[in-house]
Amino acid sequence: MLYEPINRRRWNGMLFFSKLLIRIIRMSNRVVFLAAALLLLLSSLLAWLLEPDTFQHPFNGFWWVMTTVTTVGYGDFYPKTVPGKLLGVFLYLFGISLISIVISKMIDFVFAYNRKKEEGKLRYKGSNHFVMIDWSKHAELAIQEIATSDPSAEIVLIAQLAKTPVDLDRVHYVQGNPVQRETLERANLAEARAVFIFADETTEHQHVLRDNAFIDGKTLLIATTIERHFGHLHTIVEVRERENIPSFTHVKVDEFIVGSETVSQLAVRSAFDPGASKLVSQLLTRRDAGDLHRIGKKPNWITYRDAFDELLREGATLIADGDRLDINRRLDETIPADARLFVVCDQETYRRLTG
């Protein structure tokens, strides 16, 4: 019968500590981290004050406290008096438990952050990035091309998928409806470099995938939202049917891409002129020796002939100013100040031309 009161006291003590730990775990992260910081600071100072000859400096007290609460225990410093040892017992009972809770909360925070990032719940805070709207095979290829062309470029993908479809560090996923301004703001569209709107291929109603008017209508709605709130952005839009482009008349769109039409034209051109599709692919990618690059106008270039001849000597071929490919018929014309010159050359030549 003597053991029954002792066992009851042990049970009550364990129950007290378990309730205390549960209350600490349920506290907010800020309170727990503040309590842990105060515990480490006060215990370090107290250890030094109780045994100044043993610890010699407050930092040594901090070192001992840290090795104690993390259960490392190097043994280079340890208390020798009864008050110092009682402080050690206190750290064994409360300090180790509190630091363990802090570490577990930090791990939970990392997991929660990664989960939110994967689910597109986090706001993007960078700038000068590319924004891709809606997920498709074309969006995937565009992301790969940007990653290849510019190793430092950041990309934000906006889609309504449960998780990010891209496993790439430089791609930040934002989940949400791109028609809503709040979603666009989470992608920091105001500071973006350009925005691409791709034809949506992820709709739940698969039968509407064949309805190009429906898909282009959604694209038009997204473009209208962007033009209303972020009209300064360079906007590239993919449409399924060229006949739907006039519907975008009242919306600012810098460039249109008709995906199916481009594929068909390349297929026919390849049939008449074998190798034509490979040539276009080589110009548009960064995987071959001859790439398409944009360069700035040099002060000594007065006419297109000046630029053409100098570039040719450097190993580059001037082919266009903006979307005009008739440079060879305009060689004696003066190059305007806002010219957008495009050349074909390899990466080494391009780096040399741009200094």
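I counted the salt bridges to start and got 12, taking a side-chain nitrogen of Lys or Arg within 4 Å of a carboxyl oxygen of Asp or Glu. This is a predicted model, where local features need pLDDT of at least 70 and side-chain atom pairs count only at pLDDT 80 or more, while totals for chains, interfaces and linings use all residues. Residues are numbered from 1 along each chain as its sequence is written, and side-chain values use heavy atoms, with hydrogens and water left out.

Confidence next. I noted a mean pLDDT (the predictor's confidence in each residue, from 0 to 100) of 81 for the protein chain, with 80% of its residues at 70 or more.

Then I looked at single pairs. Arg352 meets Glu314 in a salt bridge at 3.3 Å, N to O. That pair links distant parts of the chain, 38 residues apart, with Arg352 in helix 12 (residues 347-353) and Glu314 in helix 11 (residues 304-314); helices are DSSP runs of H or I, at least four residues, numbered from the N terminus.

I also found Asp326 bridged to Arg324, with the closest N and O atoms 2.8 Å apart. Shared partners join Arg324, Asp326, Arg330 and Glu333 into one network. Asp326 is buried at 12% relative accessibility, whereas Arg324 is partly exposed at 41% (buried is under 20% relative accessible area, exposed over 50%, partly exposed in between, with a 1.4 Å probe and protein chains only).

Last, Asp321. I see that Asp321 is buried yet has no salt bridge, and that the nearest side chain of opposite charge, Arg330, is 4.5 Å away. The Asp321 side chain does reach the backbone nitrogen of Arg340 at 2.9 Å.

Key
Lys, Arg positive; Asp, Glu negative; His and termini not counted. Polar contact = N/O pair within 3.5 Å; in protein donor to acceptor, adjacent residues only side chain to side chain. Helix = DSSP H or I, 4+ residues; strand = E, 2+ residues; numbered from the N terminus.
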